Amino acid sequence: MTPFTAELVGTMLLILLGNGVVANVVLKDTKGNNSGWIVITTAWALAVFVGVTVAGPASGAHLNPAVTIGLAVAGKFSWDLVPSYIAAQLLGGMLGAFLVWLFNKDHFAITEDEGAKLACFSTGPAIRNTFSNLISEIIGTFVLVFVIFHFSDPSISLNADPTAKVGLGSVGALPVTLLVWAIGLSLGGTTGYAINPARDLAPRVMHAVLPVKGSSDWGYAWIPVAGPILGAVIAAILFGIIH
């Protein structure tokens, strides 16, 4: 698998499972209807686990333009690769959103609440306030990227080779899973914690082009793009200052 393919497939799985749980909770007559915020945040975290497990070995599993940009600002990732990574993430996000719609097509058809249908694609504020909403996305993504910078590989000390590393395999995706779960539970209530431009913009595009009734709320759409990028850049700069 190439890095481009890994980012595309990983982001597709992230959105399929992440937005899929939103659809399961908010669309009419699903088995999971009205099961609540704990279900949504838990499944989103597990969606991250799935995406990172698949994409990690080939691309590092950014799955998020803000993470890609933050790593580049910190000097941990080549700027030359940034455009291809972001393109793959956006394409993967669009494909994942399409699959969510296809999977839940019958439930979209009988759901009258246009806001609920939009929520299956993109985020929106609980209280619409441009400054507060932007700050929420900046802080949420700052926490995501700043903590990611502090992840480290496990190691053991061996007499033959004191620097020998121990791989965790798929379990290596667990730290970011717990991180996203914590962000969702603690910081997700104001804007729905997009913390990822590909998670919000790409599915919003699909909402606009698929036969789903209702506004795509383009007036708000810049916030879950600009906020995460700003949060990631701030995290990268602060990390560089204090380390």
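Predicted model: local features only at pLDDT ≥ 70, side-chain atom pairs only at ≥ 80, totals over all residues.
Visitor: Is the pair formed by the rings of phenylalanine 77 and tyrosine 85 stacked or edge-to-face?
Guide: The centres of these two rings, phenylalanine 77 and tyrosine 85, are 4.7 Å apart. Planes over 60 degrees apart count as edge-to-face. The planes of phenylalanine 77 and tyrosine 85 stand at 65°, so the pair is edge-to-face.

Visitor: Are phenylalanine 77 and tyrosine 85 buried or exposed?
Guide: The term buried applies under 20% relative accessible area, and exposed applies over 50%. By this rule, both phenylalanine 77 and tyrosine 85 are buried.

Visitor: Is the pair of phenylalanine 142 and phenylalanine 146 stacked or edge-to-face?
Guide: Phenylalanine 142 and phenylalanine 146 both belong to helix H7, where four residues, about one turn of the helix, separate them. Their ring centres are 5.2 Å apart. Planes under 30 degrees apart count as stacked. With planes at 15°, the pair of phenylalanine 142 and phenylalanine 146 is therefore stacked.

Visitor: Against which helices do the buried residues of H7 pack?
Guide: Helix H7 covers residues 130-149, and its reach of 28 Å from first C-alpha to last is close to the 28 Å expected. Its buried residues include Leu134, Ile138, Leu144 and Phe146. Phenylalanine 146 counts as buried because its relative accessibility is 17%. The helices against which the buried residues of H7 pack are H3, H8 and H10.

Visitor: How far apart in space are leucine 187 and glycine 140, C-alpha to C-alpha?
Guide: Leucine 187 lies in helix H8, and glycine 140 is one of the buried residues of H7. Leucine 187 is in contact with Gly140, and also with residues including Ile139 and Val143. Although 47 residues separate leucine 187 and glycine 140 in sequence, their C-alpha atoms are apart in space by 6.3 Å.

Visitor: Which residues have the most contacts inside the largest nonpolar core?
Guide: In soluble globular proteins, nonpolar side chains tend to be buried together. The largest nonpolar core here has 50 residues. Helices H1, H2, H3, H4, H7, H8 and H10 each supply at least two residues of this core. Inside this core, the residues with the most contacts are Trp44 and Phe121.

Visitor: What covers the buried residues of H4?
Guide: Helix H4 has 22 residues and reaches 31 Å, close to the 32 Å expected. Among its buried residues are Tyr85, Gly92, Gly96 and Trp101. The cover over the buried residues of H4 includes H1, H2, H3, H5 and H9.

Visitor: Is arginine 128 buried or exposed?
Guide: Aspartate 217 is buried because its relative accessible area is 18%. Arginine 128 has a relative accessibility of 53%, so arginine 128 counts as exposed.

Visitor: In which helix do arginine 204 and aspartate 200 both lie?
Guide: Arginine 204 and aspartate 200 form a salt bridge, with their closest N and O atoms 2.7 Å apart. Both arginine 204 and aspartate 200 are buried. Four residues, about one turn of the helix, separate arginine 204 and aspartate 200, and the helix that holds both is H9.

Visitor: What is the phi of alanine 61?
Guide: Most residues other than glycine have a negative phi. Alanine 61 lies in the loop between H2 and H3, and its relative accessible area of 10% is why alanine 61 is buried. Alanine 61 is not a glycine, yet its phi is positive, at about 55°.

Conventions
Residues numbered from 1 in each chain as written. Heavy atoms only, no water. Expected span 1.5 Å × (residues − 1). Buried < 20%, exposed > 50% of the residue type's maximum accessible area, 1.4 Å probe, protein only. Contact = heavy atoms within 4.5 Å. Phe/Tyr/Trp six-rings, centres within 6.5 Å; stacked < 30°, edge-to-face > 60°. Salt bridge = Lys/Arg side-chain N within 4 Å of Asp/Glu carboxyl O. Core = buried A, V, L, I, M, F, W, Y, C linked by side-chain atoms within 4.5 Å. Lists of a residue's contacts leave out its neighbours within four places in sequence.
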